[in-house]
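Please keep the sequence and the coordinates at hand while reading.

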Amino acid sequence: MFESMVTGLSFLFQPTIILYQLFAILIGIIIGIIPGLTGIVLLAIFIPFTWTMDPQHALAFLMAGYAVCNNGGTITAILINIPGTGANSATLLDGFPMSQQGKAGQAIGAALTASALGGLFGGIVLAIFIPIVRPVVLAFGAPESFFLVIMGLSFISAVGRGSMGKALFAALLGLLFSFVGYHASTAFPRYSFGMTTLFDGINIVPCALAVFAIPEMIDLMYKGGSISKVKSRAAPLRDVIEGCKAVIRHWWLLLRCSALGTIVGIVPGVGADVSVWVAYGHAKITSKNPEAFGKGAIEGVIAPESASNGKEGGALLPTLALGIPGSAAMAILLGAFLVLGIQPGPRFLVDHLDLAWTIVGALIISNIIGSLLCVFIGMQLIRITQVRAQFLAPVILCITALGAYCGENSAFDVFLMFALSLLGWSMRKLGYSRPSFFLGFILGALAERYYNISVQTYGWQFFLTPISLVIIGLTFLGVFYEQLKAAFGRLKA
Amino acid sequence: MRKSQLAFIVIFLCILAMLFYVTLDYPWRARNLPLLVIAVAMLILVRELLKEISRGKGAVAADANISLPERGQTEAESPLKYAVVFGWLSGLVLLIWIFGFLIAFPVYIFAYIKMNGEKWIWAFVVSVSFLIVVYFVFGVLLEIPLYGGLLFQ
């Protein structure tokens with residue numbers, strides 16, 4: 001355990017990995033500043049470029065970029081009242097009023113400090129729980145792993161936004177897409193319809209880009225114009241430092257909201273959007289001056305920012321330990337694992353513990369560096385929001401085309417990506433959960449493998465193993481919680 | 001929007017029915033899980049279809065005296081504008097297919113920026129800069145053989 005931790009963390013201090021992280025942090029901040037582009041889009045765009053990297057470089061690169069996305073969005077939320085990502089939506093309630101009162105620097109200092117410390121808290125919780133969870137996951141065999149996949153798909157469908165029926169359908173559609181190509185056991189080509197290019201299945205990268213990146217570009221092209229016409233306000237450094245000190249003064253609020261964010265992050269399928277509002281609501285209820293919230297209360301900035309980054313550590317725990325993504329972005333991270341040849345699931349902590357520590361370390365270090373960078377260059381980078389969509393959209397589209405191509409050097413993947421983007425766009429417009437779809441897609445092959453092994457080993461009674469029954473019970477509870485609660489309420493009445 | 005929802009559901013019901021039929025010919029182990037997934041997906045879609053139909057009846061009764069925006073759209077959305085966007089996407093695909101990356105990218109970026117009201121100098125600078133970055137980063141540094149299209153492959 002200790003050797004793995006030392007090995008994993010030492011990777012982060014190699015010169016090339018430091019450079020990769022710095023580059024990823026810069027791009028992550030820029031992506032976060034551009035509204036509509038989130039950490040999910042960043043991961044989808046970055047993954048193709050990790051093909052040629054070894055797992056340590058790739059995971060440090062991806063985590064570094066993803067961890068700081070919210071930081072960029074914080075700057076726009078405070079200075080120009082536009083949340084860069086959904087996780088910044090609560091920050092602007094008090095951040096922008098503070099900016100209007102001439103306290104932009106304080107708001108930015110408080111937000112970025114809370115963000116860094118919240119991320120640190122989440123990373124530490126993750127680090128503490130990894131050795132605890134590891135022995136537990138060794139008890140998971142094929143049946144348990146199969147039901148874990150089903151639970152993951154069910155949770156992300158039930159707990160996420162929108163209609164559960166639509167989300168479940170999306171997850172099943174993703175599973176179907178994963179069945180395209182040669183069947184592992186029988187080598188029979190399924191759903192290829194005679195196209196030899198589909199014999200190896202649909203690649204993860206074109207699918208991720210089609211579902212997450214292209215629909216956002218369609219939206220950007222449709223809306224046009226520049227993202228922001230509001231001129232940002234000045235934020236002197238001394239005010240920023242004053243904001244940092246305010247976080248230390250509110251240390252107990254910081255700890256509580258970081259913990260809230262981490263706990264919410266652990267629940268699979270729940271995203272940052274929920275954690276920030278839970279933290280904001282908690283801060284308001286427990287504040288001595290709740291009436292100040294919404295008018296420039298610094299607690300209204302500290303609470304959501306600490307929760308949104310604390311959530312990342314929590315979301316990584318089920319992702320790394322069980323292969324169940326803690327959030328939509330973690331679903332894409334699992335896709336990155338497959339691209340790198342790493343099998344997600346309970347065995348990850350057994351076979352790749354050093355990589356788990358690399359991820360934890362990258363999360364903590366990137367949060368701190370990202371926050372520091374935002375303080376110094378964030379106010380300049382915000383000019384990116386003045387760039388018109390006419391410039392951004394075609395460039396990003398071409399980057400996604402390159403990204404789809406780079407994996408297998410296959411032009412077919414580029415065309416497939418654009419064809420699938422129609423599905424991605426339709427799902428976005430009609431309220432079908434794209435994270436559910438993508439999770440079904442990347443876990444489909446695993447699910448089928450566990451299913452076949454389970455049936456061969458245990459016969460059709462494979463669901464009767466004790467841990468499987470517990471997982472089935474938890475899945476049932478999670479999916480039908482509201483209905484059960486209503487039924488019990490009626491019974492009591 | 002409701003028309004779009006119904007169309008999506010009906011189209012996918014047809015696709016799933018076709019897939020179900022095709023899957024029946026697969027070997028037993030290869031068709032096991034796909035058949036289960038397709039069956040459950042179809043059940044969910046049928047449920048969504050019934051929900052949409054019953055929701056639609058209620059909405060029509062309630063809004064009978066109010067003039068609604070054209071069906072399938074909200075007031076803010078324009079099908080023509082979306083058609084233009086998808087036209088641009090299709091244009092990129094065609095350019096890549098015929099001419100390959102190194103010609104398609106700068107031509108597309110230049111055309112998009114220029115035809116969306118920007119000055120030609122900016123269109124030229126951005127498209128040429130992008131071409132240079134792509135060529136040197138992907139072609140030279142990473143040594144990725146960039147797709148040359150039907151004409152130059």
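Between chain B and chain A, the count is one salt bridge, the term denoting a side-chain nitrogen of Lys or Arg within 4 Å of a carboxyl oxygen of Asp or Glu. The side chains of Arg388(A) and Glu118(B) form a salt bridge, with an N to O distance of 2.6 Å. This is a predicted model, in which local features need pLDDT of at least 70 and side-chain atom pairs count only at pLDDT 80 or more, while totals for chains, interfaces and linings use all residues. Side-chain values use heavy atoms, without hydrogens and water; residues are numbered from 1 along each chain as its sequence is written, and chains are lettered from A and ligands numbered from 1 in the order in which they are written.

To the contact between the chains, chain B gives 58 residues and chain A gives 55 residues, contact meaning heavy atoms within 4.5 Å. Together the two chains bury about 5,300 Å², of which 78% lies on carbon and sulfur atoms; buried area is the accessible area (1.4 Å probe) that two parts lose on being put together, summed over both. On the side of chain B, the most area is lost to chain A by Phe8(B), Arg29(B) and Leu33(B), which together account for 13% of what that side buries.

Over all chains, a search of the whole structure finds ten salt bridges. Glu448(A) pairs in a salt bridge with Arg190(A), their closest N and O atoms being 2.7 Å apart. This pair joins distant parts of the chain, since Glu448(A) belongs to helix 20 (residues 434-458) of chain A and Arg190(A) to strand 2 (residues 189-190) of chain A, 258 residues apart. Helices (H or I, at least four residues) and strands (E, at least two) are DSSP runs, numbered from the N terminus.

Helix packing within chain A comes next. The axes of helix 18 (residues 389-406) of chain A and helix 19 (residues 411-430) of chain A come within 7 Å and cross at roughly 130 degrees. Axes are lines fitted to C-alpha atoms, for helices over the stretch in contact, and angles run from 0 to 180 degrees between N-to-C directions. Helix 18 of chain A and helix 19 of chain A are therefore oblique to each other; angles under 35 degrees count as roughly parallel, over 145 as roughly antiparallel, 65 to 115 as roughly perpendicular and the rest as oblique.

Helix 10 (residues 204-223) of chain A also packs with helix 19 of chain A, at an angle of about 60 degrees and with the axes 7 Å apart. Helix 10 of chain A is therefore oblique to helix 19 of chain A.
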